[in-house]
Amino acid sequence: MSVLVVTGTGTGVGKTAVTAALAALARAEGRRVAVLKPAQTGVGPSDPGDVDEVARLAGDVTTRELRRYPDPLAPDVAARRSGIAPVGPAEAARAASELAESHDLVLVEGAGGLLVRFDAGGATLADVAWALSAPLLVVAEAGLGTLNATALTAEVATARGLNVLGVVIGSWPERPDLAALCNVSDLPVAAGSPLLGALAEGAGGLDRAGFLEAARAGLSPWFGGDFDAERFDKGLSSQT
């Protein structure tokens, strides 16, 4: 798995924290890691973006951002408003492939959900994943409404010929409500793929050493962590 595409069920679900956790664990194993953000929106020219947050949390990783748009909107709309050229799937896939030549793992982080448009032609992160033949990791919310959003994301990904590797809960609350507790066992059904992690709420506010421990506890051995979905689910059963 030299390239992994990270998408979310929507905006603000924890994609950047999960991407950083993946990068931190890979770096801890001595792997060379690159993080690609095809389109960054909602930040000014000198403001830190998502790749900067990943580097802050994960350490020595190569970061690359193809476009930056000031408005906090979908990339297609933000590109039109700014007059900056949109980024297309071919350009994003080419950049990821170039990074893969000199890195052991390339993480491609999307903007918003899977079908958020990059350009007027309707290109999306799904097209980038398809062009790369790369597996897709879905980051989902913990609470009410996440099952529908996860099922829709996984269904469209599968229909487009993509391999949904699994789902990760981007921010597991310290005090989960009933919906979150029940969703732990239902999310894999909705995604049609395994639960591969649940990153603790607030992990992104930790220092680098603390974040690495949170990443290890919150992600599957598939990524170098210790997270066990069955054990996690059983540990919550007494609360439902």
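Helix α1 (15-28) and the strands β2 and β4 (105-113) each supply at least two residues of the lining of the largest pocket; helices here are DSSP runs of H or I with at least four residues, strands are runs of E with at least two, and both are numbered from the N terminus. A pocket is found on a 1 Å grid over the protein atoms alone, as an open set of points where a 1.4 Å probe fits, with protein on both sides within 12 Å along at least five of seven lines, whereas a set from which the probe cannot get out is a cavity, and lining residues have an atom within 4 Å of a point. The model is a predicted one, in which local features need pLDDT of at least 70 and side-chain atom pairs count only at pLDDT 80 or more, while totals for chains, interfaces and linings use all residues. Residues are numbered from 1 along each chain as its sequence is written, and side-chain values use heavy atoms, with hydrogens and water left out.

The largest pocket has a volume of about 300 Å³, a volume being the space filled by probe spheres set on the grid points, which are joined across faces, edges and corners. Its lining is made up of 21 residues, and T11, K15, T41, A111 and G112 are the ones that lie nearest the centre. Sorted by class, this lining holds 8 nonpolar, 9 polar and 4 charged residues, where Ala, Val, Leu, Ile, Met, Phe, Trp, Tyr, Cys and Pro count as nonpolar, Asp, Glu, Lys and Arg as charged, and the others, Gly among them, as polar.

Among the residues nearest the pocket centre is T41, which lies in strand β2 (residues 33-41) and which UniProt, in an unreviewed entry, marks as "binding site". UniProt positions are given in the numbering used here, with shortened feature names, and such annotations may be inferred rather than shown by experiment. T41 counts as buried because its relative accessibility is 18%, the cut-offs being under 20% relative accessible area for buried, over 50% for exposed and in between for partly exposed (1.4 Å probe, protein chains only). Leaving aside neighbours within four places in sequence, T41 is in contact (heavy atoms within 4.5 Å) with Y69, D71, P72, L73, P75 and A78. A polar atom of the T41 side chain lies 3.2 Å from the backbone oxygen of L73.

Where else does UniProt, again in an unreviewed entry, list "binding site"? The entry lists T16, D50 and E109. These three span 94 residues in sequence, yet no two of their C-alpha atoms are more than 8.8 Å apart, so they gather at one spot. T16, D50 and E109 also belong to the lining of the largest pocket.

Each of the three comes from an element of its own description: T16 lies in helix α1, D50 in helix α2 (residues 50-58), and E109 in strand β4. T16 is buried because its relative accessible area is 14%, and E109 counts as buried because its relative accessibility is 2%. The side chains of E109 and T16 are joined by a polar contact of 2.6 Å, and those of D50 and T16 by one of 3.5 Å; a polar contact is a pair of N or O atoms within 3.5 Å, of which, within protein, one must be able to donate a hydrogen and the other to accept it, and residues adjacent in sequence count only if both atoms are side-chain atoms. Apart from neighbours within four places in sequence, D50 is in contact with T16, K37, Q40 and E109.

Not counting residues up to four places away in sequence, V35 touches T19, V51, V54, T62, T63, R64 and L107.

A last stop is S133, in the loop between α5 (125-132) and β5 (136-140). Most residues other than glycine have a negative phi. The phi of S133, however, is near 50 degrees, a positive value in a residue other than glycine, and S133 is exposed because its relative accessible area is 67%.
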